Amino acid sequence: MSKTLRGAVLGLAVLLSLGGARAADLPPRTVVIGTEGAFPPWNITRPDGTLIGFEPDLLQILCQRANLRCQLVAQDWDGMIGALQAHKIDVIADALQITPARKAVLAFSLPYAVTTGVFVTQKDSPLARMANRDLVLDLDANPTPEHQTQALAALREELRGKTLGVAISSTYDGFLDKYLADVITVKSYRTMGERDLDLLSGRIDLTLDDTTYLRPLLAAPDAQDLVLVGPELIGGELGAGEGFGLRKDDTALAERLNAAIRSAVEDGTVRRLSLKWFKADATPTLDAHPGAAAGSPQP
C-alpha cells in the first residue's frame with residue numbers, strides 16, 4: 001500500500017474516556033487512532049465532523065477498558081500505514097482484515113469482527129445469474145473440499161473477460177491475483193464512492209467488497225438495480241477477520257487492546273454493536289487466536 005497522510009486530518013478529535021476495572025492497574029496512555037470516516041457502517045463522518053459507526057462505538061468501550069485516552073482522527077485509507085510507521089498515528093481502525101500480506105508489514109490485535117467478501121453486479125447483467133449464490137467459500141479449508149474447487153473453477157469461467165472494480169490496495173488484491181488475475185481486468189479506485197458510481201453506471205461489470213459495506217449499499221434508493229451474486233468468500237488471502245493494525249514493536253499497546261477485545265467478545269458487546277450496525281452478528285471466534293498481536297514479536 002502506497003501511503004501518504006492526508007494534508008488535513010479534517011480537524012477531527014474524539015476523546016474517549018478513561019477507566020474500567022480491568023485496566024485499573026495500568027497507567028493511562030494517550031494513543032492516536034486513524035480511521036477513514038468514509039466506510040459505512042464501520043466508520044462514518046457526520047456533517048459536523050464527528051465520527052460514528054461500529055468502530056467508533058467499539059473503540060469508546062475498548063479504550064475505557066484498556067485505560068487509553070484515544071484520539072480518533074480521519075484520513076485517507078491510502079495514507080494509513082505510512083502514518084502509522086511515521087508515528088503520526090498509533091493504531092489503524094478501518095475494517096482492516098488480517099491478511100498474510102499485511103502481517104508482513106504490521107502487527108495486529110486479535111480480531112474484533114469476522115465478515116465475508118461478496119460480489120455485486122447489475123440486475124440486468126448476465127452475471128446476475130452467477131452460480132453458487134448460497135455457498136461460502138472458505139479459502140482456509142485444508143484440504144479444499146471438492147465442491148469448493150468446482151465453485152472456484154465456475155467462478156473463473158463466469159468472470160472471464162469481465163472488468164471488476166475494487167478499492168485501491170484492498171484486501172481482495174491477493175485473492176484476485178491468485179485466482180482471477182489471468183481471466184479478468186481489475187480496475188482500482190481511490191475511493192469506494194468512485195467505484196460504486198462506475199458500478200451503477202455500468203462502466204465496470206461487478207465489484208468485490210465486504211458484505212457489511214455492500215449490503216447497506218444495495219438497500220439505498222439509488223442502488224435498486226444492483227444485486228448480490230456468486231459465492232461469499234472468507235479466509236486465505238482475505239484474512240482471519242478484522243483487527244487493529246499496530247507497529248510491530250508496540251507489544252504493550254497490543255496487549256491492552258487484546259484484553260479489551262477479548263472482554264468485549266465474551267460479554268456480548270461485539271455482538272450487540274455488530275447487530276446494531278451490520279444487522280448481523282460479526283463476533284469472531286477467539287479460540288483460534290490465543291496469542292498476542294498477529295505479526296508482532298513473541299516474548
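## The disulfide

Cys-70 is buried in this predicted model, with a relative accessible area of 1%. Its partner is Cys-63: the two form a disulfide, and their sulfur atoms sit 2.0 Å apart. Cys-63 is buried as well, because its relative accessible area is 0%, under the 20% cut-off.

If you like to look at the geometry of such a link, the angle about the S-S bond is -95°, and the bridge of Cys-63 and Cys-70 is left-handed. The count for the structure comes to one disulfide.

## A buried glutamate

Follow the chain to the loop between strand S2 (29-35) and strand S3 (38-39), and you will find Glu-36. Is Glu-36 buried or exposed? Its relative accessibility is 13%, so Glu-36 counts as buried.

What is Glu-36 in contact with, once neighbours within four places in sequence are set aside? Its partners are Asn-43, Ala-74, Gln-75, Trp-77, Met-80, Asp-94 and Met-192.

Look for Pro-143 in the loop between strand S10 (136-138) and helix H4 (146-159).

## Positive phi values

Ala-95 has a positive phi, near 50°, although the residue is not glycine. Ala-95 belongs to the loop between strand S7 (91-92) and helix H3 (100-103), and is buried at a relative accessible area of 11%.

Lys-279, another non-glycine residue, has a positive phi near 60°. Lys-279 lies in the segment after helix H9 (269-278) and counts as exposed, at 68% relative accessibility.

Technical notes:
Residues are numbered from 1 along each chain as its sequence is written. This is a predicted model: local features need pLDDT of at least 70, side-chain atom pairs count only at pLDDT 80 or more; totals for chains, interfaces and linings use all residues. Side-chain values use heavy atoms; hydrogens and water are left out. Helices (H or I, at least four residues) and strands (E, at least two) are DSSP runs, numbered from the N terminus. Buried means under 20% relative accessible area, exposed over 50%, partly exposed in between (1.4 Å probe, protein chains only). Contact means heavy atoms within 4.5 Å. A disulfide is a pair of cysteine sulfur atoms within 2.5 Å.
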